[in-house]
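Trainee: I should like to go through this structure with you, element by element. May we begin once it is on display?

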Amino acid sequence: PIEGNCPDIREIVDAIRKDLSFTEQLIVSTHYVQEPLSRKQLKMWHAQGYPLVLCVSSDAHNIDWRLYDTRQEIMLKGQRVHKICKIVRGWAHATADMVMQFLTGKKGFFSTKIAYCKEIKNGTKKKIRHIYIADYDGGHEQVLVDTPALNIAPRWNRDRAEPLLFYSECTPLNIRLMVSSMNKKRTVASDFDGLNMLPSFSCDGKRVILCLSRDGSSQIYRYEEPTFFKKARLIRLTHNEGNNV
């Protein structure tokens with residue numbers, strides 16, 4: 001059941017339904033109502049086989065959701081989501097994350113993004129791969145890096161407030177590590193001879209593990225307090241003769 005007079009309410013509801021259904025743990029149907037939910041309506045929904053009812057209302061600045069148990073005729077949880085961005089489905093994903101966390105005890109993943117590379121056909125023998133980002137389910141694909149180079153192995157940092165995407169760009173001299181902001185501003189993160197690839201960030205974002213071949217073979221290194229990897233302390237972790245990637 002859905003209530004509210006926000007012009008975007010149907011888009012919000014459709015996105016929430018899609019998110020919750022994606023998990024295959026819930027069977028979700030939607031209904032649009034105008035009047036406030038009553039105990040009589042909860043009994044009706046229970047009689048029709050709905051154990052839970054999620055009510056969503058929206059205005060110009062907020063989304064309010066309330067989850068009800070129809071058998072006990074009580075509200076289990078209610079919360080407000082502030083519309084802090086211009087993307088409607090972003091509000092819906094944030095709402096679905098809250099609902100899923102309450103139901104399962106685990107953080108929702110609907111607000112997350114995936115990153116990947118795609119080979120681009122350019123009519124020449126030169127291989128080009130661009131870096132794309134998309135919603136968690138592969139929808140709303142956007143190109144983030146479209147330079148005429150072989151761009152591979154994208155990796156996210158762990159800063160939700162200011163997400164950055166690290167990737168490796170193949171040059172005539174080496175495979176250098178690049179970083180891109182979400183507004184496509186790019187800079188070089190690591191440019192040693194050979195490989196500069198596959199960074200993995202700690203949960204607090206203050207340490208990063210990556211592969212470098214600055215001393216010959218590819219080895220595992222750790223950066224401490226990386227700020228675009230500049231002026232950071234570099235520690236080599238592996239010392240074997242083989243290549244580590």
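Trainee: What distance separates N and O where the side chains of Lys18 and Asp137 meet in a salt bridge?

Mentor: The model is predicted, so local features need pLDDT of at least 70 and side-chain atom pairs count only at pLDDT 80 or more, while totals for chains, interfaces and linings use all residues. Residues are numbered from 1 along each chain as its sequence is written, and side-chain values use heavy atoms, with hydrogens and water left out. A salt bridge is defined as a side-chain nitrogen of Lys or Arg within 4 Å of a carboxyl oxygen of Asp or Glu. The side chains of Lys18 and Asp137 meet this criterion, with an N to O distance of 3.1 Å.

Trainee: How many residues apart in sequence are the parts that Lys18 and Asp137 tie together?

Mentor: Helices (H or I, at least four residues) and strands (E, at least two) are DSSP runs, numbered from the N terminus. Lys18 belongs to helix 1, whereas Asp137 is in the loop between strand 5 and strand 6 (142–145), so the bridge ties together parts whose separation in sequence is 119 residues.

Trainee: Is Lys18 buried, partly exposed or exposed?

Mentor: Buried means under 20% relative accessible area, exposed over 50%, and partly exposed in between (1.4 Å probe, protein chains only). Asp137, at 28% relative accessibility, counts as partly exposed. Lys18 has 44% relative accessibility, so this residue counts as partly exposed.

Trainee: Arg39 forms a salt bridge with Glu73. Is Glu73 buried or exposed?

Mentor: The closest N and O atoms of Arg39 and Glu73 are 3.1 Å apart. This pair links distant parts of the chain, with Arg39 in helix 2 (residues 39–47) and Glu73 in the loop between strand 2 and strand 3, 34 residues apart. Arg39 is exposed, at a relative accessible area of 56%. Glu73 has a relative accessible area of 17%, and is therefore buried.

Trainee: Which residues are linked with Asp135 in a network of salt bridges?

Mentor: Asp135 pairs with Lys113, their closest N and O atoms being 2.7 Å apart. Lys113 lies in strand 4 and Asp135 in strand 5, so parts 22 residues apart in sequence are tied together. Asp135 counts as buried at 4% relative accessibility, whereas Lys113 is partly exposed at 32%. The residues linked with Asp135 in the network are Lys113 and Arg89.

Trainee: Which elements do the buried residues of helix 3 pack against?

Mentor: The buried residues of helix 3 include Val88, Arg89, Trp91, Ala92 and His93. Contact means heavy atoms within 4.5 Å. The elements packed against are helix 1, strand 1, strand 2, strand 3, strand 4 (113–120) and strand 5 (128–135).

Trainee: How far apart are the end C-alpha atoms of helix 3?

Mentor: The expected span of a helix is 1.5 Å times one less than its number of residues. Helix 3 has 17 residues and should therefore span 24 Å, which agrees with its end C-alpha atoms being 25 Å apart.

Trainee: How many residues has the largest nonpolar core?

Mentor: A nonpolar core is a set of buried Ala, Val, Leu, Ile, Met, Phe, Trp, Tyr and Cys residues joined through side-chain atoms within 4.5 Å. Among the residues with the most contacts inside the largest core are Ile12, Leu54 and Trp65. Helix 1 (9–22), strand 1 (52–58), strand 2 (62–69) and helix 3 each supply at least two residues. The number of residues in this largest core is 20.

Trainee: What accessible area do the residues of the nonpolar patch on the surface have together?

Mentor: Patches are made of residues with over 30% relative accessible area and no salt bridge, like charges being joined within 9 Å and nonpolar side chains (Val, Leu, Ile, Met, Phe, Trp, Tyr) within 5 Å. Strand 3 (74–82) and helix 3 (88–104) each supply at least two residues of the nonpolar patch. Accessible areas come from the Shrake-Rupley method with a 1.4 Å probe, and for residues only the protein chains shown count as cover. Together, Leu52, Ile74, Leu76, Phe102 and Leu103 have an accessible area of about 360 Å².
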